[in-house]
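Thanks for coming. I will take one structure and walk through a few parts of it, and you can follow along on the screen.

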Amino acid sequence: MDDEEETAYAPSPVPALPAPPTEGGSAPRGARFGGGPAEAVEAAPAPAALPDPGAGEAVAAAVGRLVRLRAEGRSGEAHVVLCEVAAWPAPRLPVLAVALYRAGLAADWTTLLWEASSLPPAGFAAAAGALAAAGRDEDCGLLLRQGVARPAAEVAEAVLALDGAGREGEARALLGAFVRVRTPQEAAELAGGGGDRVLPHLLAAAREVSVEREWDLIHALRVAGVPGV
């Protein structure tokens, strides 16, 4: 997390949100994005339409609800809100992270990531990709590590979704976390469900753990009859 985000903020019903990112740039993360003099921007083109114009308002409303529920000790209802927002469009997640930290709800962000790790494979992959695109590598890594508890076939589906979205690094990180905590037999099952797009990355991930892990995986793949080994 950035030092700025980890600074304690006094809770407020509607936390201030960061400005939306300009096209092709990363999400602004701080209060340094104030407006300049009119003459400095008069030649600038009109801003592009936001892909999710309701994101800022929705995030502010959700965080405001959480602030009130936490203040009233209604933790069960707060958890329901977190489950709801975890399933929101993935690009809202980095905005939620900033807003929750600014509202003093860092623990709720951790819970939200846990809920996001249980999303269907496509949603889980989209969430990891959105966090990585926003530069929230630590959050992305935590999400991927939490996601390896799901069935091997679902992990394979998430790996394919990440790879198809150009997120090869995150796909490799997910496979690396999987081979560290799951058995070689489960990794062989994953390879069987992912086809030849997953197998090379899986073997490379096992090799990064240890030579022994790589050979254990190769043996399990051969026993399972996975082609290409």
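Start with Arg-150 and its contacts. This is a predicted model, and in it Arg-150 touches a set of residues that lie beyond its neighbours within four places in sequence. They are Ser-117, Ser-118, Leu-119, Pro-120, Pro-121 and Phe-124, together with Val-155 and Arg-182. Where does Arg-150 sit? Its place is the loop between helix H7, residues 137–147, and helix H8, residues 152–164. Is Arg-150 buried or exposed? Its relative accessible area is 7%, and buried means under 20%, so Arg-150 is buried.

The crossing of H7 past H9 is right-handed. On the H7 side, the residues that meet H9 are Cys-140, Leu-144 and Arg-145. On the H9 side they are Glu-170, Ala-173, Leu-174 and Ala-177. By class, this contact of H7 with H9 has five nonpolar residues, two charged and no polar ones.

Cys-140, one of the H7 residues in that contact, counts as buried at 3% relative accessibility. Cys-83, by comparison, has a relative accessible area of 32%, and is partly exposed. How many disulfides does the count give? It comes to zero disulfides.

On to H8. It packs with helix H10, residues 184–194, at an angle of about 50 degrees, and their axes are 8 Å apart. That angle makes H8 oblique to H10. This crossing, of H8 and H10, is right-handed. H8 contributes Ala-152, Val-155, Ala-156 and Leu-160 to the contact, and H10 contributes Glu-186, Glu-189, Leu-190, Gly-193 and Gly-194. Sorted by class, the contact of H8 with H10 has five nonpolar, two polar and two charged residues.

The next pair is earlier in the sequence. Helix H2, residues 55–71, and helix H3, residues 75–86, have axes that come within 8 Å and cross at roughly 160 degrees. How are H2 and H3 oriented to each other? Angles over 145 degrees count as roughly antiparallel, so H2 and H3 are roughly antiparallel. H2 passes H3 in a left-handed crossing. From H2 the contact takes Ala-62, Arg-65, Leu-66, Leu-69 and Arg-70. From H3 it takes Ser-75, Glu-77, Ala-78, Val-81, Leu-82, Glu-84 and Val-85. The residues of this contact of H2 with H3 divide into seven nonpolar, one polar and four charged.

One more loop residue. Ser-210 is found between helix H11, residues 199–209, and helix H12, residues 211–223. Ser-210 is partly exposed, with a relative accessible area of 23%. Ser-210 and Arg-180 are 30 residues apart in sequence, and their C-alpha atoms are 9.7 Å apart in space.

Last, the whole protein. It has 12 helices and zero strands. Of its 229 residues, 42% count as buried. Among contacts in the protein with a separation of 6 or more, 70% are between residues 24 or more positions apart. That is all from me.

Methods: Residues are numbered from 1 along each chain as its sequence is written. This is a predicted model: local features need pLDDT of at least 70, side-chain atom pairs count only at pLDDT 80 or more; totals for chains, interfaces and linings use all residues. Side-chain values use heavy atoms; hydrogens and water are left out. A disulfide is a pair of cysteine sulfur atoms within 2.5 Å. Buried means under 20% relative accessible area, exposed over 50%, partly exposed in between (1.4 Å probe, protein chains only). Helices (H or I, at least four residues) and strands (E, at least two) are DSSP runs, numbered from the N terminus. Contact means heavy atoms within 4.5 Å. A crossing is left-handed if the near helix is turned anticlockwise from the far one by less than a right angle, and right-handed if clockwise. Ala, Val, Leu, Ile, Met, Phe, Trp, Tyr, Cys and Pro count as nonpolar, Asp, Glu, Lys and Arg as charged, and the others, Gly among them, as polar. Axes are lines fitted to C-alpha atoms, for helices over the stretch in contact, and angles run from 0 to 180 degrees between N-to-C directions. Angles under 35 degrees count as roughly parallel, over 145 as roughly antiparallel, 65 to 115 as roughly perpendicular and the rest as oblique.
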